Amino acid sequence: MWYQKPVISEELLQSLPNLKIVASSGVGIDHLDLNLLSCYGVKVSNTPFVVSTDTADLGMALMLASSRRLVEGHQMAVSPDTEYFPADWLGAEVSGATLGIIGMGTIGYKVAQRAKAFEMKILYHNRNQRTKEEESAVGAIYCKKIVDLLQQSDFVLLSVNLTPQTHKLIGKRELELMKPTATLINISRGLVVDQDALVEALQNKAVKAAALDVTYPEPLPRHHPLLKMKNVIITPHIGSATKKTRRLMMENMTESIQAGLRGLPIPNEVL
């Protein structure tokens with residue numbers, strides 16, 4: 001499966017009685033009915049580890065681009081109407097700011113490693129607390145309650161899997177808890193955020209900005225209000241989109257398929 005296609009429906013499973021394995025690219029498996037696949041004796045694999053470095057890089061890129069208003073600055077610099085650069089055109093600092101990471105898995109932790117180099121104060125909320133050694137290595141502080149993270153962070157970065165528990169994890173209440181000077185960064189899945197609530201929060205200046213690699217749907221309808229806001233950066237779900245990583249993803253999928261067909265242990269099997 002690439003870009004969640006083909007759709008694995010019961011009709012498809014019934015038409016493929018010899019199917020042994022579905023190899024899905026990327027980390028997320030929210031597009032798969034694991035119970036249905038299990039009923040048909042079909043195993044599932046994904047490619048969670050090879051995408052983590054590039055996705056963490058993109059998370060930092062979105063943070064920097066949004067805080068320093070790079071897209072707006074580029075448009076100003078190349079505009080035929082620009083006669084001078086205003087001295088009061090300012091961005092916000094990343095170095096020394098507080099970053100709140102929601103979802104401290106492999107990707108979230110790699111974001112923390114990068115943020116440490118920017119001397120950021122790092123807070124994180126996760127289902128399970130990292131070890132003291134892991135926390136110390138990046139200077140991260142665990143927030144058992146997501147409320148505490150939201151209220152203190154200058155940047156809130158989402159790096160969670162889409163599950164029933166994380167569906168619209170960030171909604172109206174959560175956005176209102178954030179600082180009005182804060183930026184929301186989403187590198188997980190579009191449905192983790194209530195987009196209508198986000199539009200309202202941006203319009204009402206409850207939060208300052210958003211930087212999104214994911215939306216729902218993808219792409220957004222061309223009339224969607226998020227596409228018209230200067231304080232919003234949207235990229236086309238390119239967290240893993242480098243030549244090296246995409247090749248490694250394909251190699252991982254091939255290895256899983258070969259193992260599944262031979263009855264061997266499957267690398268990156270989703271259980």
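Reader: Leaving aside neighbours within four places in sequence, which residues is Thr-183 in contact with?
Author: Contact here means heavy atoms within 4.5 Å. This is a predicted model, where local features need pLDDT of at least 70, side-chain atom pairs count only at pLDDT 80 or more, and totals for chains, interfaces and linings use all residues. Residues are numbered from 1 along each chain as its sequence is written, and side-chain values use heavy atoms, with hydrogens and water left out. With those sequence neighbours set aside, the list is Ser-66, Asp-154, Phe-155, Val-156, Met-178, Lys-208, Ala-209, Ala-210 and Ala-211.

Reader: Is Thr-183 buried or exposed?
Author: Buried means under 20% relative accessible area, exposed over 50%, and partly exposed in between (1.4 Å probe, protein chains only). Thr-183 has a relative accessibility of 1%, so this residue counts as buried.

Reader: Which strand does Thr-183 lie in?
Author: Strands (E, at least two residues) and helices (H or I, at least four) are DSSP runs, numbered from the N terminus. The run covering residues 183-186 holds Thr-183, and that's strand E7.

Reader: What does the C-alpha trace span along its principal axes?
Author: Here we're looking at the C-alpha trace of the protein chain. Along those axes, the span is about 65 × 50 × 35 Å.
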